[in-house]
Amino acid sequence: MISPAAKAPSAERWTLKAVRELFERPLLDLVFEAARVYRDHHDERRVQLCTLLSVKTGACPEDCGYCPQSAHHDAPVEPRKLMDAREVLERAREARDAGSTRFCMGAAWREVKDGPDFDRVLEMVRGVRRLGLEACCTLGMITEEQARRLKEAGLTAYNHNLDSSEEFYGKVISTRSYEDRLRTLRNVARAGISACCGGIIGMGESLEDRVALLHTLANLENPPESVPVNALVAAPGTPLEGRPPVDAFEFVRMIAAARVLFPRAKVRLSAGRLSLSPEAQALCFLAGADSIFTGEKLLTTPNPSWEADRALLKTLGLKPLKPEEHAPEA
Ligand code: SAM
Ligand code: DTB
Ligand code: SF4
């Protein structure tokens with residue numbers, strides 16, 4: 001029997017043509033529209049600070065061309081087994097004390113296997129929630145049952161990116177398919193967990209690939225409540241090493257289009273901020289980005305320092321979102 005979530009959406013929320021027209025608008029018109037949409041739905045002075053932690057690092061069997069953690073590439077990443085829950089929770093407490101309200105745990109797994117490691121991740125999720133933080137995980141493919149167990153442990157959101165268009169996906173990753181990604185997103189939706197799902201720009205994809213990614217995201221049965229927009233970090237040793245940094249205005253365009261398509265979501269200005277000037281980041285906030293990852297490391301690659309981010313927010317008159325200002329949970 002096909003469950004309701006497995007059926008094709010009955011009506012397209014956004015046609016490809018409409019997404020393309022939005023995406024192709026003159027940049028400042030698009031930014032203006034995104035800023036309007038943003039201000040209609042959010043307090044535009046608040047930015048959610050999130051902290052990432054790689055709880056299991058490197059030696060990943062997948063061959064994602066952008067990722068320094070793949071065992072197929074020769075990136076200088078020291079593999080590390082799953083961390084102790086206690087150590088993870090210490091890091092979560094530090095993140096909370098520094099002003100983060102969301103703690104995201106990433107594991108370089110192709111998929112989750114039931115057993116002691118998954119039990120330990122569930123313990124981490126429970127502990128992060130006890131600290132009063134939102135808990136997000138990104139662990140690769142999961143089944144519906146695993147999603148349910150994460151939900152029971154209190155998981156706020158599951159991160160699973162579509163990364164690019166279906167067509168371009170196959171040029172960057174060969175060990176899994178777009179359909180694999182969509183299946184996990186369906187499992188997450190069926191378990192009632194909100195999805196954090198976005199993509200990466202700057203991998204050599206065309207503008208049409210970006211339009212197609214946004215179109216797919218906007219028409220998911222359960223559209224994401226959190227949309228991370230990453231600029232490729234062209235990490236040494238990966239096949240995408242040496243790719244030129246993404247043009248800042250193209251990045252702003254992607255943020256603005258995501259904001260118009262997802263008025264209520266968190267649009268996260270994610271990886272790649274070190275290659276964006278403070279002025280470019282300011283344009284991203286104006287265009288509706290309302291979250292950043294803070295702390296000197298993302299999962300394995302560098303990120304701006306706490307001091308630099310504090311100074312940037314102060315200059316722009318932005319304030320970190322406080323725990324009590326979070327939207328109530330469904
Ligand atoms: N292994 C899990 C998976 O791929 O679903 C979770 C961890 S993976 C590192 C999480 C996300 O990080 C990827 O989906 C990708 O969007 C992003 N990412 C990885 N390497 C990146 C890079 N070099 N630049 C920008 N984003 C990157
Ligand atoms: C997402 O979209 N970006 C974050 C988070 N989700 C897990 C990860 C970025 C990783 C950048 C590469 C690295 O640091 O290894
Ligand atoms: Fe593994 Fe995730 Fe990196 Fe792909 S993106 S190589 S699945 S850690």
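How do the residues of the shell around ligand 1 divide into nonpolar, polar and charged? The shell holds ten nonpolar, five polar and two charged residues, where Ala, Val, Leu, Ile, Met, Phe, Trp, Tyr, Cys and Pro count as nonpolar, Asp, Glu, Lys and Arg as charged, and the others, Gly among them, as polar.

The model is predicted, with local features requiring pLDDT of at least 70 and side-chain atom pairs pLDDT 80 or more, whereas totals for chains, interfaces and linings use all residues. Residues are numbered from 1 along each chain as its sequence is written, chains are lettered from A and ligands numbered from 1 in the order in which they are written, and side-chain values use heavy atoms, without hydrogens and water.

Around ligand 1 there are 17 residues, of which Y66, N161, D163, R181 and V233 come nearest (a residue is near a molecule if one of its heavy atoms lies within 4 Å of it). Polar contacts are pairs of N or O atoms within 3.5 Å; within protein, one atom must be able to donate a hydrogen and the other to accept it, and residues adjacent in sequence count only if both atoms are side-chain atoms. A nitrogen atom of ligand 1 lies 2.9 Å from a backbone N or O atom of Y66, and a polar backbone atom of V233 is 2.9 Å from a nitrogen atom of ligand 1. The side chain of D163 places an N or O atom 2.7 Å from an oxygen atom of the ligand. On its own, ligand 1 has 560 Å² of accessible area, and the protein covers 91% of this (Shrake-Rupley method, 1.4 Å probe).

The shell around ligand 2 comprises five nonpolar, six polar and no charged residues. Among them are L52, T138, N161, P228 and A271. Oxygen atoms of ligand 2 lie 2.8 Å from an N or O atom in the side chain of N230 and 2.6 Å from a polar side-chain atom of T300. A polar side-chain atom of N159 is 3.4 Å from a nitrogen atom of the ligand. Ligand 2 alone exposes 410 Å², of which the protein buries 88%.

N303 counts as buried because its relative accessibility is 5%, the cut-off being under 20% relative accessible area (1.4 Å probe, protein chains only). Its side chain reaches the backbone oxygen of G295 at 2.8 Å.

How values were computed
Buried < 20%, exposed > 50% of the residue type's maximum accessible area, 1.4 Å probe, protein only.
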